[in-house]
Amino acid sequence: MLQTTNSRLCGHCGTAQIVRPRGLCSRCYDAPSVRMLYPARTTNRPDASTRDRRLPRVPTSALPGTPAKLMVFQRRLRQRVQLFHPLDA
């Protein structure tokens, strides 16, 4: 049975309806010791599948924000490797 967003239960206590970020009810979200157990979800953070990808074979010297760097990102997406190499320019 599919649950709608309004009927989902708190990820911690499992009894109250989710009304706060991190999939928690108000009571659990307001408890700092509970809230720290559930990391904030942001759209800028890569998902697990992206983090588990292998590194690109070579870093790029293309500067951030340039068309060349965007082309590098496109190529890396097609190759299914991480977008950023630790030694990129």
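Modeller: The side chains of arginine 20 and aspartate 30 meet in a salt bridge, with 3.4 Å from N to O, where a salt bridge is a side-chain nitrogen of Lys or Arg within 4 Å of a carboxyl oxygen of Asp or Glu. This pair links distant parts of the chain, since arginine 20 lies in the segment before α1 (26–30) and aspartate 30 in helix α1, 10 residues apart; helices here are DSSP runs of H or I with at least four residues, numbered from the N terminus. Arginine 20 is partly exposed at 32% relative accessibility, and aspartate 30 is likewise partly exposed, at 48%, given that buried means under 20% relative accessible area, exposed over 50% and partly exposed in between, with a 1.4 Å probe and protein chains only.

The model is predicted, so local features need pLDDT of at least 70 and side-chain atom pairs count only at pLDDT 80 or more, whereas totals for chains, interfaces and linings use all residues. Residues are numbered from 1 along each chain as its sequence is written, and side-chain values use heavy atoms, with hydrogens and water left out.

A search of the whole structure finds 3 salt bridges. Aspartate 88 forms a salt bridge with lysine 69, the closest N and O atoms being 3.6 Å apart; this pair, too, links distant parts of the chain, with aspartate 88 in the segment after α4 (67–79) and lysine 69 in helix α4, 19 residues apart. Lysine 69 is buried, with a relative accessible area of 4%, and aspartate 88 is buried as well, at 15%. Aspartate 88 also forms a salt bridge with arginine 76, where the closest N and O atoms are 2.8 Å apart, and this pair again links distant parts of the chain, arginine 76 being in helix α4 and 12 residues from aspartate 88. Both of these residues, aspartate 88 and arginine 76, are buried. Through shared partners, salt bridges join Lys69, Arg76 and Asp88 into one network.

Arg76 also belongs to the lining of the largest pocket, as do, among others, Arg54, Arg57, Arg75 and Gln79. A pocket is here an open set of points on a 1 Å grid over the protein atoms alone, where a 1.4 Å probe fits, with protein on both sides within 12 Å along at least five of seven lines, and lining residues have an atom within 4 Å of a point. The volume of the largest pocket is about 200 Å³, a volume being the space filled by probe spheres set on the points.

Terms used
Helices (H or I, at least four residues) and strands (E, at least two) are DSSP runs, numbered from the N terminus.
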